[in-house]
Amino acid sequence: MRRTAVVTGASSGIGEATARRLAAEGYDVVAGARRRDRLERLAEELPSIRPVTLDVTSQESVNELAAALERCDVLVNNAGGALGVESVAEGRIDDWQAMFDTNVLGTLRVTQALLPKLVESGDGVVVLLTSTAGMVPYEGGGGYVAAKHAQSSMAGTLRLELSGQPVRVVEIAPGMVRTEGFAVNRFRGDETAAARVYEGVPDPLTADDVADAIAWTVTRPSHVNIDRIVMRPRAQAAQHKVHRVSG
């Protein structure tokens, strides 16, 4: 029987790239996101992808997803994002709440709902898409740093709690990735400010780079758990150390 992979936030960026890559690896992919029109186009292109309207901030929506699945072998918790670059002192409470609800509680909702099916599969894999922001704080990171630290802690805790169960827990922590919309959303639609994040950086990571890492982890033999992959472009030595070229 073909294995089924669920990917959240699959309408663009890393989520879309991961859905495409896992379909190429032979999975039946359930692609979940709020933007159903984009999912429909993806499914028309790749018949092994099944579009599902999903809002990870809604328990009802997550429950509907779980009820519609016959099986789940792989779960990629990709839905998330960043809002704002204000300091902690000036951070907007609604931004922090939205980031926690999507990155942290969204991951919790979907993982709780699908965990029984992952265990039942006999060889389940849960992937949490975190960030290097979950390892090292930085100014202006505020709620995003806090949310990604929490999500990273969830991965480690879940792995301990599932010891002895047939489920592997993987954390993928990318650094600078240039994807559609991420920086623009963070800068509240200011495309000029978003472009400055990547200005002069030779070859930031792409969504396909991250999808490649995700696919590698979930296709390892069942006795091999890849606890965490930290990946950055060569130009980014650390959160505060980025090589930029002029011209």
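A residue is called buried when its relative accessible area is under 20%. The structure shown is a predicted model, and by that cut-off both faces of β6 are covered, with Val167, Val169, Glu171 and Ala173 buried on one side and Arg168, Val170, Ile172 and Pro174 buried on the other. In a regular strand the side chains alternate between the two faces of the sheet.

The strand β6 belongs to an open sheet of seven strands, which follow the order β3-β2-β1-β4-β5-β6-β7 with parallel pairing. Because β3 (49-53) and β7 (228-231) stand at the edges and each has a single partner strand, one side of each is left without a neighbour in the sheet. On average, neighbouring strands are turned by 15 degrees against each other, direction ignored.

On one flank, β6 (residues 167-174) is joined to β5 (residues 124-129) by six bridges, and the two strands run parallel; Val127 stands opposite Val170, while Leu129 has Ile172 as its bridge partner. The chain passes from β5 to β6 through helix α5 (residues 142-161), in a β-α-β crossover that is right-handed. With β7, the strand β6 pairs in the parallel sense over four bridges, and here Ile172 stands opposite Ile229.

| Helix | Strands touched | Angle between directions |
|---|---|---|
| α1 (residues 13-24) | β1, β2, β3, β4 and β5 | about 170 degrees with β1 |
| α4 (residues 93-120) | β1, β4, β5 and β6 | about 170 degrees with β4 |

How values were computed:
Residues numbered from 1 in each chain as written. Predicted model: local features only at pLDDT ≥ 70, side-chain atom pairs only at ≥ 80, totals over all residues. Heavy atoms only, no water. Pairing = 2+ DSSP bridges. Axes fitted to C-alpha atoms, helices over the stretch in contact; angles between N-to-C directions. Contact = heavy atoms within 4.5 Å. Buried < 20%, exposed > 50% of the residue type's maximum accessible area, 1.4 Å probe, protein only. Right-handed = clockwise from strand over helix to strand, strands pointing away.
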